[in-house]
Amino acid sequence: MTSPTLDDLRRQALAAAAPRGHAADAAITCDRLVRIFSTDGIEVQALQGLELTVRQGDLVALVGASGSGKSTLLNILAGLDTPTAGQATVAGYDLLDMPPKERLRYRRSAVGFVWQQTARNLLPFLTTAQNIALPMQLGDPRRRSARAHAARVDQLLDALGIGDLHARRPAELSGGQQQRVAIAVAMANDPAVLLADEPTGELDSETGAAVFEAFRTVNRELGATVVIVTHDPLVAGEVRRTVAIRDGRTSSEVLRRTTTDEHGEETTTEREYVMLDRTGRVQLPHKFLQALGMEHRVAVDLASDHIAVRPDATEDPEDPESPEATGDPDGTGPR
Ligand SMILES: Nc1ncnc2c1ncn2[C@@H]1O[C@H](COP(=O)(O)OP(=O)(O)OP(=O)(O)O)[C@@H](O)[C@H]1O
C-alpha cells in the first residue's frame, strides 16, 4: 500500500472540514452542532457535534435520556439560544448568523413552539381566539388585514376541532384543550417548522393521544414540519421517524413504513439505523452491546455488502484463535 502524499492528506482534511451537502428539501439541518455551557468555571458540553437533517413536511420524534441534550437542541432551533460552534439552518435561516431583527422575525414567523407546561403557552386573561390572534397582531409576516386574521383564527379552530372553545379563557380549559389551543397559537403565523418540548408530558395517555393527533393534523393538513421532543412511547412509536440523542449527538433512529396489502390490511415495519459520522464513528445501541456483552473493543470484518461487528474474542482462553490462548495477549503476533 502506498502512503498518502501531502496533497492527499490536505484533500482529506478539507473534505472532513467541509459542511455536508444537504438535501434541497431540508427544513432543518444541523452540522456538527456544539453547545458548551460554562457555569462556575465548569464546562458542560450539552451538544457534542450533533448532526440532524429533517425534510420539509416530516413529523419527527426526538427521544433520549435525561440530560442528553434534547432541550438544548430545541432551544437552539427555536432561536432562543445560540450554538457555540457548528452550523444550523431552519427554513433557510442561518441560526449562527442572525442579527437581532432577523432573529425576532425568525421567532415570530418561521418557527412555532409548544412548551410542556400548559400555562407557559397561553396568556391567562385572553380567550382562545384572542390568544391565537395575538401572534398575528404582533408581527404577521404577510401583513394581512384584521379580517384575514379572524379568518385564520377560524381556520385553525376548525382544523384542530376546537371551535367550541373560542370564547373560553385558559383557566376554563382542560390540560389537553390548552395544548391544542397552544398548537393553534404556534401555527398562527403559518411557520415552516413547529417545535414542541414534551407537549404531552403533563397529560394522561388518552388526552396525550388527542394532542398528538392535533400535531398530526397541522403536519398533514397545514404542511408544517413538526419536531417533538418526547418521553411518551405512544408519540415516539406513532411517527414515521424517531431520532435518538445520546451524549449530545444523534445516535440512532427508527424509520417506520406502513404498507397496505390487497385486502386493505395495514402493516407497519420498523427498521433501526445508527448514525455514521464523517470520521466513520457509529454509536451502537446499548441494548445490542449488552445482549452480546460487547465493551471496549469489537472485532470487525468487511464482507462484500456489509460490515460484521463481533464480540472481541481475544480474552477468551477457550478460543483456539485467541491470542490469549496462544500466549500472545496483545494480538501483535510473535516478536
Ligand atoms: N443553562 C445551562 N447551564 C449549564 N448547563 C446546562 C444548561 N442547560 C443544560 N445544561 C446541561 O446540558 C446537558 C443537556 O441538558 P438538556 O436540558 O438539553 O437535556 P435534555 O435531554 O433535554 O434532558 P431532560 O429530558 O431532562 O429535559 C445537561 O448536562 C444539562 O445539565
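Student: What is the handedness of the crossing of H7 and H8?
Tutor: The crossing of H7 and H8 is right-handed. Helices are DSSP runs of H or I with at least four residues, strands are E runs of at least two, and both are numbered from the N terminus.

Student: Before we go on, what kind of model is this?
Tutor: It is a predicted model: local features need pLDDT of at least 70, side-chain atom pairs count only at pLDDT 80 or more, and totals for chains, interfaces and linings use all residues. Residues are numbered from 1 along each chain as its sequence is written.

Student: Back to H7 and H8. At what angle do the axes cross?
Tutor: Roughly 15°, and the axes of H7 and H8 (residues 205-221) come within 9 Å. Axes are lines fitted to C-alpha atoms, for helices over the stretch in contact, and angles run from 0 to 180 degrees between N-to-C directions. So H7 is roughly parallel to H8, a label for angles under 35 degrees.

Student: Which residues of H7 make the contact?
Tutor: Gly175, Gly176, Gln179, Arg180 and Ile183. Contact means C-beta atoms, placed from the backbone, within 7 Å.

Student: And H5 with H7, what's the angle there?
Tutor: H5 (residues 128-139) and H7 (residues 175-186) pack at about 25°, with their axes 8 Å apart. So H5 is roughly parallel to H7. H5 contributes Thr128, Asn131, Ile132 and Pro135, and H7 contributes Val181, Ala184 and Val185.

Student: New topic. What order do the strands of the sheet take?
Tutor: The order is E2-E1-E4-E5, in an open sheet of 4 strands with antiparallel pairing. Two strands pair if DSSP finds at least two bridges between them. The edge strands are E2 and E5 (93-94).

Student: Which strands does H2 touch?
Tutor: H2 packs on the sheet, touching E1, E2 and E4. Its direction makes about 65° with that of E2.

Student: What about the ligand: which element gives the most to its shell?
Tutor: H2, with 3 residues. E1 (26-39), E2 (42-55) and H2 (70-77) each supply at least two. Among the residues around the ligand are Phe37, Val44, Lys70, Ser71 and Thr72.

Conventions. Near = placed C-beta within 6 Å. Contact = placed C-beta atoms within 7 Å. Parallel < 35°, antiparallel > 145°, perpendicular 65-115°, else oblique. Left-handed = near helix turned anticlockwise from the far one by under 90°.
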